[in-house]
Amino acid sequence: MLFAKSSTYLHKLKRLYQGLMQFVAPSSCAVCFELLQQTTRMGVCASCYGKLPEWDVNTVAEPPLPRYVDRFDAPFLYDEAVKLLITAMKFSDKPEYAHALAQVSQDRFKNCLHEDVLVLPVPMHRERLIKRMYNQSAELVKALRRYATFDDSLTGLRRVRPTKPQVGQSAKARQQNLKDAFEVLIDVQDKSILLVDDVWTTGSTADACAKCLKKAGAKEVAVFTIAYVEKPTVN
Ligand SMILES: [Zn+2]
């Protein structure tokens, strides 16, 4: 009886969620702007989905891992289509595109999960959060919950001070910019952490987070991003 009640409750919740998704899910493809069928309203049409450039380490080598990062994976290379999807999520006030990105990335993400892993989004500083209203990395983690079961903490890591945009800066300047920029707010002693971010360029942001987490006792830090910039334009 209890089971029947809870399954009806779950069914109602699911219907409510699907109803809400009709309003919040994107109605046009973020890549080609074609209107999407109602049933595929997840931000990217079937044709564009098929053309997304999957990253395969056999054809494009893994980037050199920075000092504190143990592993890294990303499902896609950062081409124009992926850039449009990520940009739509980050800068066009469309956090719902996180669902499209989560949907197309779910298989590779699941490969990064293992028992006892704790998933943390790369945090955004409060000032930027107030401007943008949401942290795209946290939106990704929330969207990924739809496809996998894992422990996470959206506020376990905090950006203590605002940092300058990293684009165009040298590796050394990036490191300096990120020095002591993060703080761990939860117990990570002997834990395996999976950091989630949108894009990997030089890995300096992930490394600064990983350094902070390892100092707080984390036993390993892996990184998952949606896209990998094969040839960053900085040194
Ligand atoms: Zn499309």
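**Helix packing and strand pairing in the predicted model**

Among contacts between residues at least 6 apart in sequence, 74% join residues at least 24 apart, a contact here being two residues whose C-beta atoms, placed from the backbone, lie within 7 Å. This is a predicted model, so local features need pLDDT of at least 70 and side-chain atom pairs count only at pLDDT 80 or more, while totals for chains, interfaces and linings use all residues. Residues are numbered from 1 along each chain as its sequence is written. The secondary structure comes to eight helices and eight strands, taken as DSSP runs numbered from the N terminus (helices H or I, at least four residues; strands E, at least two). Of the 235 residues, 36% count as buried; the label buried needs 20 or more other C-beta atoms within 10 Å of a residue's own, exposed means 12 or fewer, and partly exposed is in between, again with C-beta atoms placed from the backbone.

Now for the helix pairs. Two packed helices are described by the angle between their axes and the distance between the axes. Helix 4 (residues 97-112) and helix 6 (residues 136-144) have axes that come within 9 Å and cross at roughly 65°; axes are lines fitted to C-alpha atoms, for helices over the stretch in contact, with angles from 0 to 180 degrees between N-to-C directions. The crossing of helix 4 and helix 6 is right-handed, that is, the near helix is turned clockwise from the far one by less than a right angle, anticlockwise being left-handed. On the helix 4 side the contact is made by Ala98, His99, Leu101, Ala102, Gln106 and Phe109, and helix 6 brings in Gln136, Glu139, Leu140, Ala143 and Leu144. These residues split into seven nonpolar, three polar and one charged, with Ala, Val, Leu, Ile, Met, Phe, Trp, Tyr, Cys and Pro counted as nonpolar, Asp, Glu, Lys and Arg as charged, and the others, Gly among them, as polar.

Helix 6 is mostly covered, with eight of its nine residues buried. Those buried residues pack against helix 3 (80-91), helix 4, strand 3 (117-121), strand 4 (151-152) and strand 7 (192-200). Strand 3 pairs with strand 7 in the parallel sense over five bridges, where pairing takes at least two DSSP bridges, and Val119 stands opposite Leu194 in strand 7. Strand 3 also runs parallel to strand 4, joined by two bridges, and Leu118 sits opposite Asp151 there.

Over in helix 3 is Ile86, which counts as buried because 23 other C-beta atoms lie within 10 Å. Setting aside neighbours within four places in sequence, Ile86 is in contact with Asp198, Val199, Ile226 and Ala227.

In the other helix pair, the axes of helix 7 (residues 171-178) and helix 8 (residues 204-215) come within 10 Å and cross at roughly 40°. That makes helix 7 oblique to helix 8 (under 35 degrees is roughly parallel, over 145 roughly antiparallel, 65 to 115 roughly perpendicular, and the rest oblique). Ala171, Arg174, Gln175 and Leu178 in helix 7 meet Ser204, Thr205 and Ala208 in helix 8, a set of three nonpolar, three polar and one charged.

Most residues other than glycine have a negative phi. Asp116, in the loop between helix 4 and strand 3, has a positive phi of about 75°. Asp180, in the loop between helix 7 and strand 6 (182-184), has a positive phi of about 55°. Asp116 is exposed, with 11 other C-beta atoms within 10 Å, and Asp180 counts as exposed with 10 C-beta neighbours inside 10 Å.
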